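Hi,

Here is the structure I promised to pass on.

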Amino acid sequence: RTRSASSSVVGSCMDGSGNGAGRIQDEDRAVVSRILRRIREAAESDFALDSRCLVTRPVLDRFLQECWDAVACHGPGHDLHRAKNWDWSGVVWWRIKYSYKWQPSGLTWVDDKIQQIPICEAACDCLPNSLFCPVVEQAYRGSCDVDEIVERVRAVLRTGKAVVVKPTHGSECLAVVVLNSDSSPEVVRASVVDALQAQAERSESWLQVSRPHGVIVMELYDSGPASCPMTVAPWKIPLELKVQTFFGKIIGATLRAYPWQVVVEHDGVPHRWRCGEFGFPQGSFRKHPPRSWRKKWGDMPDTVFKLLKQHLESDWDFIARNSVCIAERAGLDELRLDWYLGDARLGPRLGELTYIGGADVMVQPFQTQLCDCWVYGHMLRSHGAIELHGPDAGLKKYWKRWREQHRRFVSATASGHT
């Protein structure tokens, strides 16, 4: 497949005859089938996990037991995958909760925006330039002089460049502020202080909450015509591609602004969801995305999708190669890498890494498969376990059903159906 030829057609393909609807559904199903197969292949790969990441057998047994209890409380015959916590979002929620008991101090660099930079660039030592946007200033609270930081930032602003100020910890645009030459000294100082004092939400994993507070100031990435428009301030954001790796392999990517409307396959081919069964196409959001998201973003403009395809044509090989290098260096079961696209001066740049988070951006057809294959991948790496020999009969019953489901999946994907 070529990236341009395999991409979905922009705009509506519905011709009113019914043939268009069937073709659109077939296209969506084919994409879903390929990504589901890729997820399973990643779980079965020989990727070596970091020992601090590998879920131990007792912990995995505990997770499976909680899943089985959730099924059991609904009575016999209840669909396993409708049970509480039995999808990818549920897995991530469970791992966030478990991280406070686990506390893997050796992995905290993944959620530290200062430590990420040298580690990621060392993993990609073939690069001539930095992976990240140019850093203006970075410092941790308690070991920095706020006045000096403010003065350095103002010196850059006076050259006409815009910068973004953000804390070294936290997510969801926590205390992120964009500054330009019109920003007053008071605003600059307040943004630096707010970043240093920002508190990560307790709903985040221990890896984020435990990080020392700091601030990092970078030059602003400008995607130009490819920027994603917003209906509220700041009115637009860069074209941000969230590349998801799973056991060291890229399984797909989504856009930050439109995660439920477009997906990029592991070979860099973008696909715009058209059938409401799989995604949330233009003008047909149904229950998702959330109402607040709809108010901010609305539908993805055709120009954004067109420019996305163009940038993937030229930059995907670079993005994919370095994403895999970083994932292999990290040795994590899953890792998301957020890339900026569209800036003619900077080219593609890595924004940040995300570990144990952001599960809701995966559309529903992938939620169950990611959950199953996360369990499966850890089972294969936990002493090559293929059976549960514990005393709990519920777990044995669950495991038997789980294996049967995966046999059906292998048979269905081999015949081209899902």
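This is a predicted model: local features need pLDDT of at least 70, side-chain atom pairs count only at pLDDT 80 or more; totals for chains, interfaces and linings use all residues.

**Salt bridges and a strand residue**

Lys-242 and Glu-240 are both buried. Their side chains form a salt bridge, with 3.2 Å from N to O.

One joins the side chains of Glu-219 and Lys-161 at 3.3 Å, N to O. This pair links distant parts of the chain, 58 residues apart, with Glu-219 in strand E4 and Lys-161 in the loop between helix H6 (146-157) and strand E2 (163-167). Glu-219 is buried, at 11% relative accessible area, while Lys-161 is partly exposed at 37%.

The other is between Arg-40 and Glu-44, at 3.2 Å from N to O. Both sit in helix H2 (residues 19-44), 4 residues apart, or about one turn of the helix. Arg-40 is buried with a relative accessible area of 12%, and Glu-44 is partly exposed with 40%.

Back to strand E4 (residues 214-219), where you will also find Ile-216. Ile-216 counts as buried because its relative accessibility is 0%. Leaving aside residues up to four places away in sequence, Ile-216 touches a list of residues including Lys-113, Ile-117, Val-135, Val-164 and Pro-167. Glu-137 is also one of its contacts; the C-alpha atoms of Ile-216 and Glu-137 are 5.8 Å apart, though 79 residues separate the two along the chain.

Cheers

Technical notes: Residues are numbered from 1 along each chain as its sequence is written. Side-chain values use heavy atoms; hydrogens and water are left out. Helices (H or I, at least four residues) and strands (E, at least two) are DSSP runs, numbered from the N terminus. Buried means under 20% relative accessible area, exposed over 50%, partly exposed in between (1.4 Å probe, protein chains only). Contact means heavy atoms within 4.5 Å. A salt bridge is a side-chain nitrogen of Lys or Arg within 4 Å of a carboxyl oxygen of Asp or Glu.
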